[in-house]
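I opened my notebook to look up a few things in a protein structure. Here are my entries, in the order I made them.

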Amino acid sequence: METEVTGVIQRTKDVKSVRFRRPKGFNYLPGQWAFLTVDSDEEQKTKPLSFSSSPTEDYLEFTKRLTGREFSNAFATLEMGDTATIRGPYGKLTLQENHKICMLSGGIGITPLRSMIRYSTDKELKNSIILLYSNRFDDAIVFMDDFDEMQVRNPNFKVITMITRPSPAWKGLTGRINREMIEKKVPDYAERVFYFCGPKLMVDAMVVILSEIGLPETQIEYEYFSGYLGAQGGESE
Ligand SMILES: Cc1cc2nc3c(=O)[nH]c(=O)nc-3n(C[C@H](O)[C@H](O)[C@H](O)COP(=O)(O)OP(=O)(O)OC[C@H]3O[C@@H](n4cnc5c(N)ncnc54)[C@H](O)[C@@H]3O)c2cc1C
């Protein structure tokens with residue numbers, strides 16, 4: 001589908017969101033992704049990106065970590081009115097409405113989770129969602145304002161942030177998501193379905209932790225932000 005840029009938001013120093021007109025009849029589920037094609041030096045570049053927008057919002061939004069690579073630079077310089085092509089939606093990591101959920105994010109894997117949390121909030125769904133959200137720096141937490149606002153609107157949503165390299169001003173939790181953190185902060189973890197996605201290293205580490213605390217595979221849902229190679233448009237991370 002052809003579309004145009006309708007908005008650009010610099011989220012942090014190296015993370016940017018770009019909003020596109022949502023073509024008539026374009027439907028997707030919260031948590032899904034699409035191939036985004038943008039023009040770069042007269043060539044077209046394509047990558048798979050999760051929707052950070054929710055289907056309840058009237059635009060399509062992608063949020064990308066800026067890497068200085070070719071597609072990334074083309075994404076970073078998109079301006080209002082520029083055209084792009086979206087092919088999708090794809091992906092099976094989507095919100096199950098009848099489960100208690102715990103979401104884990106160690107960085108840019110937050111994008112599909114934000115889509116699901118926003119959907120759940122807008123639809124006033126009753127299932128409890130806890131988000132454990134680890135970031136490197138406390139001044140670079142993507143969507144934090146958004147999550148703060150959703151916590152006020154949605155009594156079933158709670159975000160717990162932790163920082164691996166905190167500034168002296170940071171008063172909250174520190175460190176990465178690990179077994180102790182999950183057991184302490186999510187005491188009813190055994191009743192929850194866990195959702196997460198991101199680079200392979202992070203995803204595989206989470207699978208190991210959750211297996212160690214005894215969660216069955218049926219309670220672990222994840223997607224890699226890598227693995228769609230060459231002809232399909234994306235290099236792996
Ligand atoms: C289903 C899915 C959803 C995704 N959703 C998102 C999302 O919401 N947001 C997001 O930011 N990303 C997402 N990704 C990842 C995204 O598709 C890109 O792979 C990623 O953003 C990196 O793309 P890039 O063009 O910036 O860098 P690439 O050019 O793909 O390079 C990635 C990294 O690989 C290394 N590298 C690559 N080529 C070389 C080389 N020749 N020499 C040395 N090093 C090299 C570099 O370290 C570089 O930083 C998703 C991926 C999948 C599969």
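How far is the sulfur of cysteine 197 from the closest cysteine sulfur? I found 13 Å, with cysteine 102 as the partner, which is too far for a bond. My search of the whole structure gave 0 disulfides, a disulfide being a pair of cysteine sulfur atoms within 2.5 Å.

**Before going on**

I noted that this is a predicted model: local features need pLDDT of at least 70, side-chain atom pairs count only at pLDDT 80 or more, and totals for chains, interfaces and linings use all residues. Residues are numbered from 1 along each chain as its sequence is written, and side-chain values use heavy atoms, with hydrogens and water left out.

**Entry: the cysteines again**

Are these cysteines buried or exposed? Cysteine 102 is buried at 0% relative accessible area, and cysteine 197 is buried at 1%. I wrote down the cut-offs: buried is under 20% relative accessible area, exposed is over 50%, and partly exposed is in between (1.4 Å probe, protein chains only).

**Entry: the whole chain**

I counted 5 helices and 12 strands in the protein chain. Helices (H or I, at least four residues) and strands (E, at least two) are DSSP runs, numbered from the N terminus. The radius of gyration is 17 Å, close to the 18 Å from the globule rule for 237 residues, so the chain is as compact as a globular protein of that length. That radius is taken over C-alpha atoms, and the rule is 2.2 Å times the number of residues to the power 0.38. The C-alpha atoms fill a box of roughly 50 × 40 × 35 Å along the principal axes.

Buried residues make up 49% of the 237. I also looked at contacts (heavy atoms within 4.5 Å). Among those between residues at least 6 apart in sequence, 70% join residues at least 24 apart.

**Entry: threonine 161**

Which residues does threonine 161 touch, not counting those up to four places away in sequence? My list reads Tyr133, Met144, Trp170 and Leu173. Threonine 161 sits in strand 9, residues 157–163, and is buried at 15% relative accessibility.

**Entry: two loops**

Lysine 123 is in the loop between helix 2 (110–122) and strand 8 (129–135). At 47% relative accessibility, lysine 123 is partly exposed. Its C-alpha atom is 9.9 Å from that of asparagine 154, 31 residues apart along the chain.

Glutamate 79 belongs to the loop between helix 1 (70–76) and strand 6 (83–90). I noted 53% relative accessibility for glutamate 79, so it counts as exposed. From its C-alpha atom to that of leucine 201, 122 residues apart along the chain, I got 33 Å.

**Entry: backbone angles**

Most residues other than glycine have a negative phi, and most peptide bonds are trans. With that in mind, I looked for exceptions.

- Glycine 88 and proline 89 are joined by a cis peptide bond, with omega about 5 degrees; proline 89 is in strand 6.
- Glutamate 124 has a positive phi, near 55 degrees. I placed glutamate 124 in the loop between helix 2 and strand 8, and it is exposed at 59% relative accessibility.
- Phenylalanine 143 has a positive phi too, near 70 degrees. This phenylalanine lies in the loop between strand 8 and helix 3 (144–153), and it is buried at 4% relative accessible area.
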